[in-house]
Structure formats: C-alpha cells, structure tokens
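Visitor: Could you take me through one part of this model closely, and then show me how the rest is put together around it? I'd like the neighbours and the numbers, in plain talk.

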Amino acid sequence: MFEQLKEMICEFVEVDEAKITMDAKLIEDLGFNSYDLMCLIGEIEEHWDIEVDEKDVIHLHTVQEVLDYMSHQVA
Amino acid sequence: MDRIAWRLIETTGFTKLQEEEVLHRAAWQLLEEHLQLYMKEQNHTEIEGQPKKDRVPSILEDIKRNSWNKPYLRDYPEIQFNLSHCHGMVACIISSKEVGIDIEEIRAFPRAVMKKVCSKEEQQWIEQSTCMEESFFRLWTLKESYIKAVGKGLSFPMKQVDFSNSLNGETNGKIHRNIHGKIHRKIQSNQSGYWFCQYILEKKYILSICVKD
C-alpha cells in the first residue's frame, strides 16, 4: 500500500521519492496544496474503492496518517 | 469598493517546495501593497495619532487565523481579505465583506478529482464543453473561492457547492469577457447569500472570487 501511495504522490507533486517517508508532512515537506490533496484523495478513493469523508481530510497531515486511514477504510 | 489584484511571478527552476515559499511571500507582499491603497481609499488615515499607512507592515504581523486556518486582521475587523497563488501567479482581494479568492493555471486534471468535487450535472457540463480543462478549473476555483470565503477549509465538501444551474445555460466556447478578462456572466451557486465572478487572465489562468451579499 505504501509503495502504491508513494507512486500516486509522485504523480501530483514533483518531489524526490526518497523524501516520501512515513513521517513526511504532505503540505510542509512535500509541497501539497489543496488541489494536490484533493487529487490524491480522488485517486485513493478510485483505486481502493473507498470513500474519504471531507471531515477526515483535515486530520491527514502525514503519509503515515493517510496510510492508517486507508487501512482502516479498506479493512 | 472591493479591491482585486493579481501579479505574475517568475518561478522557473524552483522545486515545488521553493516555489510554494516564493509564491506565498509574493502573495503577502501583494496584499500588503494593496492594503495600503485600500486604506487610503477608505480614508483610514489616523489611529492614535499615527498615520495608518505606516502601520500596514505591523498589521500584517498581527495576522490571526481562525480554527480552519483562514487569516484575518485582529485589529481591523472591518477589513476582510483573502489570498491565493498558483504556478506563476499570485492574487488577493480586499473588501468590507466576507470574501474568498482562488486562482489556478488551466491544465490537464485527473478525472478522479473531478468525480470527487463535482456533482453529476457539473461533470456532464465539463465533459460536453469545448475545453474541459478550462471548464474544470472554472468550477474548481468557484468552489474553492466559496470555501475560502466561509473560511471552513477542506472540511467543507466541495460537491455541496453546486453551479450546474448557473452554468448549464452557457454557450460552449463563447465566453464574453471585458478587457480585464472578467467574464460577463452572473454566476450563482446553490448556496444563497454569496455572489461570484470570474476572470480569465493571460489566456491560461482562471481567477474566481466569492463575496457575501
């Protein structure tokens, strides 16, 4: 899941793959803006067939938090 | 009178993170300049014996943010503003009313984001338009400008702000605009109490503003 998420992140922000660690913050470390974030959420929803509630989006600060959220939704 | 301003910013050769930083600074700089002009227009001349224009830089130091991160001026509740930036461009709006602004470069977009933020009717409108990229970013910036005006950030579902009734009657490919790029069209959403307008700038940017009635 982490590898797939990493690939998706690279699609939306031009960032060195090595920077995409579990602790990386989407906005501060990877340069995400609100558009990049919604693109990523849209791709995650489509790829894993899950629904991400907007109220939860604001709590997804790091790569780890996105992965935890996804694992919880997919399970 | 509302004050809307935009400026092209050269960011070639920067990484995404560097570019974000440069654009962020440039947007605040633009706001600072236009706050001075706005205050002059509004006759904000004196405060405790000090000319207010000299106080503008300190105003920016006093910026506060609401719980959804929307910035505001603590000491000047009568002045509302909002900022936006995208690749190569920054913009701001200053008003006496609640306002939101968003700017984006017209470019390719993933279909998944369209499905996430647009209603079925809006998706249909985009797919039937002569330039899907322009149509998508017209909708994206309108929705984002509303969310920024109400100051709730991404916790507000973008699909809930719907423009299909307002845009469906538009003749594809014939958007009339004035010399400043302003689109001659009254745009409304399903959310009452707010009005919108849009500009197409430099043939590749869409700027949308949302103002509370």
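Guide: Let's start with Ser119(B), which touches Lys159(B), Asp162(B) and Ser164(B), leaving aside residues up to four places away in sequence. Ser119(B) sits in the loop between helix H3 (111-117) and H4 of chain B. With a relative accessibility of 10%, Ser119(B) falls under the 20% cut-off, so it counts as buried. Keep in mind that this is a predicted model.

Now step along to the helices. H4 (residues 120-127) and H5 (residues 132-150) of chain B have axes that come within 8 Å and cross at roughly 145°. On the H4(B) side, the residues in contact are Glu122(B), Trp125(B), Ile126(B) and Glu127(B). They meet Met132(B), Ser135(B), Phe136(B), Arg138(B), Leu139(B) and Lys143(B) of H5(B). Sorted by type, that H4(B)–H5(B) contact has 5 nonpolar residues, 1 polar and 4 charged.

Over all chains, a search of the whole structure finds 12 aromatic pairs. In one of them, the ring centres of Tyr35(A) and Phe136(B) are 6.4 Å apart with the planes at 55°, so this pair counts as tilted. Tyr35(A) belongs to helix H2 (residues 34-48) of chain A while Phe136(B) belongs to helix H5 of chain B, so the pair joins two chains. How accessible are the two partners? Tyr35(A) has a relative accessibility of 4% and so counts as buried. Phe136(B), at 0%, counts as buried too.

Trp28(B) and Phe81(B) are both buried.

Back to Phe136(B) for a moment. Together with Tyr35(A), Phe109(B), Phe137(B) and Trp140(B), Phe136(B) forms one aromatic cluster.

Among the contacts in chain B with a separation of 6 or more, 59% are between residues 24 or more positions apart.

A word on confidence before you zoom in anywhere else. Chain B averages a pLDDT of 86, and 89% of the residues score at least 70. The lowest confidence in chain B is in strand E2 (residues 46-47), with a mean of 48, and the highest is in strand E8 (residues 99-105), at 97. Where pLDDT is low, the predicted coordinates should not be read in detail.

Two more stops. In the loop between strand E9 (194-201) and strand E10 (205-212) of chain B you'll find Glu202(B), and Lys203(B) lies in the loop between E9 and E10 as well. Phi of Glu202(B) is near 50°, a positive value in a residue other than glycine. Lys203(B) has a positive phi too, near 65°, and again the residue is other than glycine. Glu202(B) counts as exposed at 52% relative accessibility, and Lys203(B) counts as exposed at 78%.

Last, over in chain A, Glu3(A) lies in helix H1 (residues 2-12). Glu3(A) has a relative accessible area of 49%, so it is partly exposed. Its C-alpha atom is separated by 9.9 Å from that of Ile20(A), 17 residues apart along the chain.

Definitions and conventions:
Residues numbered from 1 in each chain as written. Chains lettered and ligands numbered in written order. Predicted model: local features only at pLDDT ≥ 70, side-chain atom pairs only at ≥ 80, totals over all residues. Heavy atoms only, no water. pLDDT = per-residue confidence, 0-100. Helix = DSSP H or I, 4+ residues; strand = E, 2+ residues; numbered from the N terminus. Axes fitted to C-alpha atoms, helices over the stretch in contact; angles between N-to-C directions. Contact = heavy atoms within 4.5 Å. Nonpolar A, V, L, I, M, F, W, Y, C, P; charged D, E, K, R; others polar. Buried < 20%, exposed > 50% of the residue type's maximum accessible area, 1.4 Å probe, protein only. Phe/Tyr/Trp six-rings, centres within 6.5 Å; stacked < 30°, edge-to-face > 60°.
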